[in-house]
Amino acid sequence: MGGKLFAVIVILIALASAVPIVNHTFLGASVAPPEDISTHGAEIDKQLDETMVEAGLSFLAAQLVLGFFVWQFGGRKDGPLKSFPGGAKYLVLAALLLVGAEAIALGAIGTKAWAKVYFQPASADALPIQVQAGQFAFYFRYAGPDGKFGGIHPEKIDEGNSNFFGLDPENDIPARDDITSAEMVIPVNKEIHLMMHAKDVGHSFYVRELRIQQDFVPGLDLSLHFTATKIGKYEIVCTQLCGLGHYNMKAYLNVMSQDDFDQWLKSQSN
Amino acid sequence: MSEAAHAHAAPTGFIRKYVFSLDHKIIGLQYYGLALVAVVTGMVLSWIMRIHLVWPNSPIPAVQWLSKVGAPGGVITPEYYLSLMTMHGTLMVFFVLTNAPFAAFGNYFLPIQIGAEDMAFPRFNMMSFWTTFVAFSILMSAFFVGDGPPLAGWTAYAPLSAVGKDSGPGEGLGQTLWGLSIFVFCIASLLGALNFIATTLDLRTKGMTLSRMPIVTWAWFITSCISLLAFAVLMPACLLLILDRVAGTSFFIPSGLNVSDHLQPHQGGSPLLWQHLFWFFGHPEVYIAILPAIGIVSHILINSMRKPLLSHKVVIYCMMSIGFLSYMVWGHHMFLSGMNPFSALVFSFPTLMITIPATIMTLIWLGSLYGSKLRINAASLFCLGFISMFVSGGVSGFFLAQPSIDIYLHATYFVVGHFHMVMGVAAIFGVFAGTYFWFPKMTGHMMHEGLGRLHFWLTFIGTYCIFMPFHYLGLAGNVRRYSAFTDDFLVPLMPVHKFITYAALFTGAAQLIFLFNLIYSRFKGAAAPANPWEATSLEWSTPSSPPPFDNFGGQHPVVYHDPYQYGVKSSTGDYVMQASPEKVGEAS
């Protein structure tokens with residue numbers, strides 16, 4: 001009896017688990033990735049979908065077979081013991097071939113998506129923006145009309161006076177026209193070269209809709225590049241545990257038309 | 001095979017018998033008891049966390065007695081949530097998942113299953129347990145120090161964990177105590193691993209060749225080999241972390257850090273170095289957690305099916321290859337860490353390849369069920385539940401193994417769902433299965449079967465209700481390690497979080513059935529026959545339950561058979577015990 005009950009329950013659980021994956025909702029909440037607004041995200045989403053199909057089918061098949069065999073053979077007392085046709089040999093072969101092929105295929109396809117984000121440098125005419133992560137806020141910096149960023153002096157950081165980056169405009173000429181912002185404002189359809197700097201401990205930069213995520217590592221200068229394809233406001237959240245304010249450490253990515261962006265930048269300089 | 005040079009006389013006196021015991025069986029029970037205390041503590045912490053996440057402003061009774069600063073009026077502060085989370089993870093991974101399936105059951109049964117009187121080094125064994133106990137005490141003391149427990153997670157990434165008090169509340173003495181606790185735990189684990197390896201290689205009784213060892217014995221042996229290298233790396237890493245915190249060194253801290261307006265007096269260190277050292281241990285550690293459970297489940301399933309697995313050898317080779325591959329994949333925890341992106345592809349490949357031995361084992365379990373005479377009881381139900389959970393937890397790993405998908409899923413609840421299913425459920429199911437199966441041998445009483453089945457059903461359904469939705473949250477982009485969900489993006493996911501919290505509290509309550517069953521059966525359970533499961537391995541050949549102090553009453557068993565002679569005609573029924581001189585008849 002216990003065997004048949006197990007079979008029914010495990011099959012029900014497997015089917016019930018699959019429903020929200022197909023429906024993209026669970027208890028009224030949307031449980032799918034939000035709309036992709038990047039130029040590289042389509043490949044990531046495709047990879048995710050393909051993996052979901054393969055993993056989903058493997059998951060369902062395994063749970064259904066488990067349930068079916070336990071239904072058939074659970075509590076069985078009579079009749080001879082039987083061996084699975086072919087014994088272990090074909091199962092080993094199947095695992096090697098199917099999983100091996102799947103792993104190699106996904107690995108190869110995924111390399112392209114990964115390379116687009118990480119192996120290609122930002123193009124020469126990408127808009128450079130610097131982001132500094134510190135407990136518990138992100139600040140952004142634009143180079144200003146001279147196109148150059150002033151140096152960061154950690155000992156000069158003074159949040160009370162809005163000198164988030166520790167700039168030294170008195171002695172450092174390029175720093176004089178730098179524009180600091182608490183919001184990341186970018187033009188749509190323009191490649192951005194994001195230069196990442198950590199002020200204190202580890203943080204991370206995550207914009208779900210852009211399909212990008214990258215840790216800030218104190219002591220390392222890391223960068224990302226991406227292009228946003230849709231105007232709107234999106235959350236930038238910290239995903240690397242950084243202390244008590246980690247849950248609240250966020251900024252907004254504000255994607256605007258090129259004209260609106262130019263106006264915004266001009267208004268920041270004045 | 002050498003004769004036991006390690007034999008010791010029967011213990012006398014309460015202290016020698018039950019406290020500073022040299023008897024591997026008592027030491028195994030001590031590890032089990034410690035794991036029980038740790039798991040109850042860890043589970044209560046998780047209830048507090050889950051309640052806080054869905055009712056953040058409601059006071060939780062009694063928590064203010066744990067910490068007036070961390071939970072004023074019973075309402076948990078953001079930093080205290082992270083501290084509870086850190087202690088939850090540390091307790092569960094180290095003091096439950098390394099202790100219970102490996103140190104507890106392994107200590108109790110490995111010597112018996114190979115026909116030995118005790119472990120090779122009984123004094124080392126006693127020291128291993130008490131050192132673990134000291135490590136546990138140091139960790140728990142972090143609850144009571146001024147600044148509270150550490151909040152950097154069980155992963156303790158630098159520089160948050162390394163710069164000291166400047167990085168905020170929770171990073172004072174508590175973090176140093178954490179480093180010390182784990183350092184001491186590593187010493188205990190290394191002693192234990194050495195003991196298991198020496199015992200397995202040297203103390204097998206006559207006729208017990210390596211190929212005649214039960215699968216679970218192999219699992220403990222392979223796990224010990226992995227442990228030796230893994231804990232040997234974590235130990236110095238913790239030492240370096242402590243030095244950065246108290247001695248002004250800069251192993252993990254670069255120059256130019258402005259933490260809370262204090263310029264840090266460190267230079268030259270690398271936060272990535274901590275991650276490499278930690279995960280070089282951390283990934284093998286999760287296989288240290290699951291391999292014994294794989295062994296226990298295989299061992300019990302064979303007995304329940306009355307039929308050996310389709311291939312004993314293949315399963316052992318799979319366990320070995322998982323152990324070997326586990327050392328090549330640590331970088332998959334660091335795809336987005338800032339290390340050279342090319343290395344992500346290098347680490348991804350063996351990570352995907354580990355799926356192969358895991359799949360082979362799963363297919364062999366499933367294929368072995370075919371044509372079996374599967375006996376259904378609490379122990380075998382937990383084995384079946386293990387297979388289901390191992391599949392569920394395993395497939396989500398397949399997503400995370402791909403760096404491009406990890407860009408989206410890293411640090412979301414998808415990861416948390418994955419590791420809870422494999423470690424928090426599957427490995428624990430192995431412990432439950434082992435408990436129901438071996439309780440008669442350890443105590444001489446049977447556990448209550450009806451309560452055992454009830455425990456299984458509530459736990460199986462309950463854990464699926466808790467952890468399957470974690471994957472949905474991850475796909476939606478719900479970030480992990482947040483003490484509250486306050487923003488526009490995450491608030492709509494609250495109904496899912498509420499469902500999970502209710503499921504967690506319900507499933508937690510269901511564990512009371514197990515605790516009650518353990519205690520009740522120990523004293524009032526039906527008397528256990530010598531071999532209640534009609535099993536074959538040497539632990540069922542001991543003259544009594546529990547076995548005498550030297551396991552076999554002065555005799556050294558001789559082994560005549562492979563470990564799993566089931567489905568054969570014999571004078572005892574459909575099985576022949578390893579120590580029985582009876583020849584194996586035709587299959588029935």
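In which loop of chain B is Pro159(B) found? Pro159(B) sits in the loop between helix 6 (122-141) and helix 7 of chain B. Here helices (H or I, at least four residues) and strands (E, at least two) are DSSP runs, numbered from the N terminus.

Before going further, a word on the ground rules. This is a predicted model, in which local features need pLDDT of at least 70 and side-chain atom pairs count only at pLDDT 80 or more, while totals for chains, interfaces and linings use all residues. Residues are numbered from 1 along each chain as its sequence is written, chains are lettered from A and ligands numbered from 1 in the order in which they are written, and side-chain values use heavy atoms, with hydrogens and water left out.

**Backbone details**

Most residues other than glycine have a negative phi, and most peptide bonds are trans. Against that background, Pro159(B) is joined to Ala158(B) by a cis peptide bond, with omega about -5°. Another cis bond runs from Gln135(A) to Phe136(A), where omega is near -10°; Phe136(A) belongs to the loop between strand 3 (127-134) and strand 4 of chain A. Leu27(A), a residue other than glycine, has a positive phi near 50°, and its place is the loop between strand 1 (25-26) and strand 2 (29-30) of chain A.

| Helix pair in chain B | Axis distance | Crossing angle |
|---|---|---|
| Helix 7 (residues 173-202) and helix 8 (residues 215-246) | within 8 Å | roughly 155° |
| Helix 9 (residues 271-305) and helix 12 (residues 355-369) | within 11 Å | roughly 15° |
| Helix 5 (residues 99-113) and helix 9 | 10 Å | about 50° |

Angles under 35 degrees count as roughly parallel, over 145 as roughly antiparallel, 65 to 115 as roughly perpendicular and the rest as oblique. Helices 7 and 8 of chain B are therefore roughly antiparallel. Their crossing is left-handed (the near helix is turned anticlockwise from the far one by less than a right angle). The residues of this contact comprise 26 nonpolar, seven polar and one charged. In this count Ala, Val, Leu, Ile, Met, Phe, Trp, Tyr, Cys and Pro are nonpolar, Asp, Glu, Lys and Arg charged, and the others, Gly among them, polar.

Helix 5 of chain B also crosses helix 9 of chain B in a left-handed way. Contact means heavy atoms within 4.5 Å, and among the residues that make it here are Phe102(B) and Phe105(B) of helix 5 and Pro292(B) and Ile296(B) of helix 9. Seven of the contact residues are nonpolar, two are polar and none is charged.

Side chains of opposite charge can pair when their charged atoms come close.

Asp487(B) pairs with Lys250(A) in a salt bridge, with the closest N and O atoms 3.6 Å apart.

Conventions:
Axes are lines fitted to C-alpha atoms, for helices over the stretch in contact, and angles run from 0 to 180 degrees between N-to-C directions. A salt bridge is a side-chain nitrogen of Lys or Arg within 4 Å of a carboxyl oxygen of Asp or Glu.
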